[in-house]
Structures are given as C-alpha cells and as structure tokens.
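Q: Could you take a close look at the salt bridges here and walk me through who pairs with whom?

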Amino acid sequence: MESPQTLVFGDKSHDHNHDHQAPLPDTEANNETQTKRPTPRKRFASDICLLICILIMILWPWVFFGVVKAKHGIQMSNQLSDYVARHPHQVGAIVTFIGTINRLIATLLFGKAVVRLGQELIAKNSQPEVTVFGVSALLAFRHMTMVWGVRQWRQLAKGKGRLAVVAMLLASLGALALIPSGTANLITPGQFNKTAELKGTELDFTSGDPGCSTWLARNQVTNDCDWQDYKGTSFTTCLGENQMLDVLDSGRANMFSTMGSGIKNETSSLNQLGAEGGIRFLGSAKGVLPTGPDGVPVFDSLDIQGNPLADPTIRRGMVSYNYTLNQQGLETMVNCTYNSTSPVLYDSVPDLNSTVLVSTSGICEPGDGLEPVLKDVLQYTTLNTDNTLTYWACKQSPSQGSTDPTYFVYLRGRFNYRTSIGNITCRVSPMRARDFEVAYHSLPGYFTSQASASSLGGTSQRPTYSPFTDSMLVGLGNIIWEGQNWAANLFAEAVFSMGVKNLGVSPSFQPSDTQLRLFEAMIQGVLEYEGTYSRLVYSLGLSDPPPTTCLRTVNGTVSYSVRGWYIDNSGAQAGLLMPMFLINLTSLGLLFACFIMGQFRYTYDFDATDSMSLLTALVVNVRRGRDGKVEWHNKVHFEVDRAQD
C-alpha cells in the first residue's frame, strides 16, 4: 500500500534530494495526466495562435487609424448616424464596453506571454527552479496586480533589480488603465467636416466670340411677356409682371445690407426663379443665377463625378453643408443726385380724352453723348395720381479706355412725389459682368454673394454683351411702371417705409441725402435681380446647345458635415494609442524571447504561477516553522515531469 498523498516542504538539514515532497499520484491517475498533457506540437500551435492574437491587437488600432486618416474620415451609414444622433448616451456606453473588452484581451495576452516566459526561464536552467521573488514577480505580471505589501518593501529594496521590476509592473498597470480611453478616443463616432471639389458650366456674357454673340441674340430678353416651359418648369420670358414681388424684395434686401439699418440677416426670398420654396439671398443676388442642388434645379450644371451633393447616399447622411462656387454676376455702382430739371416728359394719351392716364417718355440728348437704351419702349402710359413716379433711362457710349457704357436713370415725381422725390438722376457705372464667390449655407438656408478675391483688383477687360445689360434698364422701367397704383407707387413706397421705420427719416418725406442713398441701394438691388433673371431667360435657350465659346467653367468647393469616425488631432490620438501599443508590443517581445530561449523544444509543460504548481512546490533548504523564514533569494523547486512528444 502506498502512503497517502501529503505535502511536505524541504528540510534545511537534509540535502535537496532528501527533501520530503508530495508523492506522485497512482499509476492510473498518472497515466490519465500524461494522456491529457498537450504534446509539443499542440503547444507550438498554441504559441502560433497567441502570436496571431498579439499581432492583431498590435495592428488593428493603427490600421483603423491609418485608413480613417487616409480617407479624411469615414462616414457611417444613415441608419447608424441616426442612431448615434438619437442615443448619444447608449453610444458612449457601447464605446466604453468595447474599450474595457480591449483592455481585458490585452491583459490576457500579456499574462499568457508571461507564463510562457516563466516556462522558458525554468527550462533554460535545466531544472524547474526559480527564486521566491521570481515566483512573486511572475504572479504579479501574470495577474497584473500588486502582490507585495508595504512590510515587504525593505526586502524589495535589498535585492538588485527588484525595484526596477516593481516599476515595470506599475508602468504596465498604468498602460493597461489607459487602454479603454485610447480605444474610446479612436472608435467614438462624431461629427466632422469633409471637402470636395465642384465643377460646372454657365453662360459667359464676356465671350466676344461671333458665334456666341449670334446665339445670345437668338435667346435675348424681349419686352414681350410669355410663358415658356423648360424641363418641366414654367418661366416668364420678360423682366416684369409676375417678377414684381421678387424684384421689390431684392431691392429691399439690398437697402438693408448697404445702409446699415441695424437689422442683421435680412434676406430676400426669390420665388420666381423656379426652386422649390424659393431661393433666399442674404442681401442682393448680385446678378448671379445660383447653380448647384439648392439653386435653380433645372439649371444645375455641376458635374456628377466626385460631387457628394449628387450622391443620394452621402447627401442623406449630411448634417449640414456649405458650398462655394465662382460664378459670373453683375457689378453695379449707382450714384444719385437731385436735379432741378429732368429729361422725363409728360404728354396726354392720344385718342383718350381723360386726365386719368399720362404718357411718359424722355429725351436722350445726342449732344451729351447719350442714346436710347429702352429697346421697344416708346413711352410708358401710367396712372396720373397724386403719387405718381415716372422713369426714363439713357446710355452713354464707352469713353476712351473703357469697355462698358455708362447708364443714366431718371426718376421724376408728380404732385405729392414732386415734393418728396422731385427730379433724381442716377449714374450707373460700371454695370458689367464680374466674378463672384457665391456660397450656400444649408443651416440658415440662404445664399451669399461677394466679389471674388481674384477680381478685387479689377474686372475683366473684355466688354460685357451689351443687350444683356441694356435689358436690365428695360426691366427696371417695367417694375416702376407696373408698380404704380391709384394710391402710390410700390417702388417709391418701399424706399419711404425703409427710411421711416429703420433709419429714422421724417415721415414728411422731404428730399434728403439719406433718401438718395436709399434710392441708390434700391435701384442697385433691382438691377442686380434683373441681371439674375436675364441670365435665366438666356439660359432657357440651352435646349439649343450654345457654342463652347459661350460657356465658362464654374469652379468651387463643398464642405459638408457628416457623422462617422475621423482623426481630429493626429498627434494626440496617436499618443493615446501608445499605451495599448506598448503593452501588446511587450507581449510580442516576451513571446519572441520564449521562441529564442526555448527554440521550440518545449522542455516543460507547466505554469509556475498556477495554484496547483505552487502547492506542490518546495522552497529549497527551508522547512516552514523550523528553520527561519523564507527570503526572496531562496530557490523554489517545482516537481514536474519533462514534456513528452
């Protein structure tokens, strides 16, 4: 009969070979243990799996970081984006959970690498022995916890290199503690901006090519209003009638923007340009026909390729967007003065024996270099009321060194308006095509236009197609004429109400410098809207493709905000990944050290930190309770068998 299994630690008075040890189990149990013991081939496969897992942990954060950085952010799907927007707290909890799991995996792999290192260190000494401090250090790194108490610090300080081991443990614990925050910083979705180039075409009114001039002449604005359908949308082909509200709104918005009335973000809503819900401009339209998805839809000429605004999937995921295009608009400058006389003439209406109507015309004095500009307009027959405003315009041919003509606008008031308006002469120069930076802002939902930085030093020296600018003077006259009713003139009253309500002008409506500035701004806003709508009327002829010389390239950029993953600060985010990288890199280093020391022989198959191994271990030459106490330098002997193939 074999003696019962007991655990006896070595006696100091005996040789190591005579220390009492726990006897081996019976043969049947031992055979079962041998059967279950993994072979070197299986242990090699286990090491390869450990190596692959460590490499994955090292690589995946940096691969993700690199892909996101290279793509300047990755936009998430619309469904996921909506979930992130609706449930930010749940997203935070999920990200924290992933970071915690990432830390647990890194800790597990690090512990496995430490176990393998312990095996190879013992195998290297050709005997299953290690110091007491070595066992405690393996335990500390295996479970990533402090195993030494305060009372043991004196012993730690005595031994060479022990404090360095403790410092490495503390550094490892600190690095592991930072893994969740580094992971969360990397994978937390957020809102970021992306940019893309935009490119399109539009009509060029400074071409000068004979073929282009012929095409423009075929499609120019006439003073005969009619409706025309273009790609399912109907437009009028003149600069009056149903354009009245848009024109007055544009003039009003320009007065707000130029007079500094104290009202910010005053926009004009242009409903007759064909866009659903109208097109809003902050200030005047500046003669620009806005293209792009939020401009006039049927005239959107932006290329689809590389245009995120044309991609329904990307567009639906946009939180907000702004795009800026370099488009051709209209440069105007209006200067008005009061005069004692006016070239505007009144006459009775032929074949009408009544004073209810009055015929208005004007004289463009050839001696002053003036010529008529109101094509197909011989006279305006208007209501003859107490508040009647009349209009005429002339053109002065370009002077030497100039490429564009100067225009003169004449306003003359009758009866009550004779006092409040009198005779006003406005000089409009220049009035020509110019590049503008036209920006659309999706959150407020309006366009802004400002002179392009490239053209601030001056405009193009090529002359603007004159019928294009001439037609705007016709349009201005139509608005003043059609705005006359029995009570007042809408054009004049828009100026008066602006002065009284927003600038403190006296309601007695006496001529003043402020009133002149208001008329300048009002006329400028109206002319610039007429430039926008004139461009639209010409564009109705695009069904008959113009020559390429009639088109100019529209360049621009779009900046849009989406939800997804992005790298905000490369240095900071890379720095937060370093603790995780160093821990996993250390695991890889430990595993390679095992490969080098063991050379894949797998001499021993046991875990020096396992509780069963510790229970069967002996502290050499020390018997508990008899011969002093265990010191850190004492050897620990493990009773194990060598691995078998």
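A: Quick definition before we start: a salt bridge here is a side-chain nitrogen of Lys or Arg within 4 Å of a carboxyl oxygen of Asp or Glu. Keep in mind that this is a predicted model.

Let's go to Glu331. Glu331 forms a salt bridge with Arg432, and their closest N and O atoms sit 3.2 Å apart. Glu331 belongs to strand β8 (residues 318-339) while Arg432 belongs to strand β15 (residues 423-441), so this pair ties together parts that are 101 residues apart in sequence.

Glu331 has another partner in Arg434, with the closest N and O atoms 2.8 Å apart. Arg434 is in strand β15 and Glu331 in strand β8, so here the parts tied together are 103 residues apart in sequence. As for burial, Glu331 has a relative accessible area of 13%, which makes it buried, and Arg434 is buried too, at 12%.

For some context, a search of the whole structure turns up 13 salt bridges. One of them joins Asp47 and Arg116, with 2.9 Å between the closest N and O atoms. Asp47 lies in helix α2 (residues 40-70) and Arg116 in helix α4 (residues 88-124), so that pair ties together parts 69 residues apart in sequence. Both Asp47 and Arg116 are buried.

How values were computed
Residues numbered from 1 in each chain as written. Predicted model: local features only at pLDDT ≥ 70, side-chain atom pairs only at ≥ 80, totals over all residues. Heavy atoms only, no water. Helix = DSSP H or I, 4+ residues; strand = E, 2+ residues; numbered from the N terminus. Buried < 20%, exposed > 50% of the residue type's maximum accessible area, 1.4 Å probe, protein only.
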